[in-house]
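We will go from stop to stop, picking a few residues each time and looking at what surrounds them.

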Amino acid sequence: MRRFVSLVLSALLLICGPILSYPAAQAAYGPHGRDLSILGAPVATKEQCTAFLTSINPVPLISVTVEELVDLYYEEGISEGVRPDVAFAQALLETGYFRYGGNVHPHQNNYAGIGATGHRARGAEFHSSQTGVRSHIQHLLAYATTRRPGGNIVDPRYDIVAGDADKHGKVTTWLELSGKWAVPGVNYGDKILSIHRRIVSTLAE
């Protein structure tokens, strides 16, 4: 029954666009329901993130369990003030729901395509899932604020973004990542938020 209701809600989201069913989501997305700040508290729960991924890909190519990976996103994201659930949605987009198949390989623990700049560049490799998640959060932080990360910087491209006056601290919402995080990146931010809305609509078991 819960799965049926979740499917109905997902269908309504596809039909109605960005209209969300939960007050917290509506408040976070604002009056127009389209954009969302990179910095802020999570809107979806850990359970929703886990249930959404496993409903699409029951066997993701990751080195930890889905629950552990989601825990890492919430731990690292909340500690830096980055919305962990939307960062997780971005990871789903970047990795093809952890199926991969592009230049980045699963063993790299690179969930955000960091350093995969085209021309078959495989990007950065991290020794653990936690380091990969931390790098992802730090990379988002470099775009969203001039405040430096609280811990040691593990993102190999943090200083590149921090040295770009047009990007460092200037990209405050997910939609604004289009054409900046990914180039040309048409509708890149919209794709992240579309996944996030589906997560929010998920009814966790």
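Helix names on this tour follow DSSP: a helix is a run of H or I of at least four residues, a strand is a run of E of at least two, and both are numbered from the N terminus. Two notes before setting off: this is a predicted model, in which local features need pLDDT of at least 70 and side-chain atom pairs count only at pLDDT 80 or more, while totals for chains, interfaces and linings use all residues. Residues are numbered from 1 along each chain as its sequence is written, and side-chain values use heavy atoms, with hydrogens and water left out.

**Stop 1: helix α4**

Select residues 66-80, which make up helix α4. The expected span of a helix is 1.5 Å times one less than its number of residues. For the 15 residues of α4 that gives 21 Å, and the end C-alpha atoms are 21 Å apart, so the two agree.

Now colour the buried residues of α4: V66, L69, V70, L72, Y73, Y74, E76, G77 and E80. Buried means under 20% relative accessible area, exposed means over 50%, and partly exposed is in between, using a 1.4 Å probe and protein chains only. What do these buried residues pack against? Show α3 (46-56), α5 (84-95) and α6 (129-144), and you have their partners. Contact here means heavy atoms within 4.5 Å.

**Stop 2: three salt bridges**

Side chains of opposite charge can pair when their charged atoms come close. A salt bridge is counted when a side-chain nitrogen of Lys or Arg is within 4 Å of a carboxyl oxygen of Asp or Glu.

- Select K46 and D71: their closest N and O atoms are 3.1 Å apart. This pair links distant parts of the chain, with K46 in helix α3 and D71 in helix α4, 25 residues apart. K46 is partly exposed at 33% relative accessibility, and D71 is partly exposed at 35%.
- Select R134 and E76: here the closest N and O atoms are 2.9 Å apart. R134 lies in helix α6 and E76 in helix α4, so the bridge ties together parts that are 58 residues apart in sequence. R134 is partly exposed, with a relative accessible area of 31%, whereas E76 is buried at 5%.
- Select E80 and R147: their side chains meet at 3.5 Å, N to O. E80 belongs to helix α4 and R147 to the loop between α6 and α7 (158-162), so this pair joins parts 67 residues apart in sequence. E80 is buried at 7%, while R147 is partly exposed at 39%.

**Stop 3: where α5 meets α6**

Two packed helices are described by the angle between their axes and the distance between the axes. Display α5 and α6 together: they pack at an angle of about 110 degrees, with their axes 11 Å apart. That makes α5 roughly perpendicular to α6. The axes are lines fitted to C-alpha atoms, for helices over the stretch in contact, and angles run from 0 to 180 degrees between N-to-C directions. Angles under 35 degrees count as roughly parallel, over 145 as roughly antiparallel, 65 to 115 as roughly perpendicular and the rest as oblique.

To see the contact itself, select A87, Q90 and A91 in α5 with H136, I137 and L140 in α6.

**Stop 4: the loop between α5 and α6**

Most residues other than glycine have a negative phi. Select F98 in the loop between α5 and α6: F98 is not a glycine, yet its phi is positive, about 60 degrees. F98 counts as buried, at 0% relative accessibility.

In the loop between α5 and α6 you will also find N109, with a positive phi of about 55 degrees although it is not a glycine. N109 is buried too, at 6%.

**Stop 5**

Select S129 in helix α6, which is buried at 4%. Leaving aside neighbours within four places in sequence, S129 is in contact with S63, V64, L69, L72, N109 and Y111.

Finish at A144, also in helix α6 and buried at 7%. Which residues does A144 touch, not counting those up to four places away in sequence? They are I38, L39, G169, V171 and T172. A144 and L39 are 105 residues apart in sequence and 7.0 Å apart in space, C-alpha to C-alpha.
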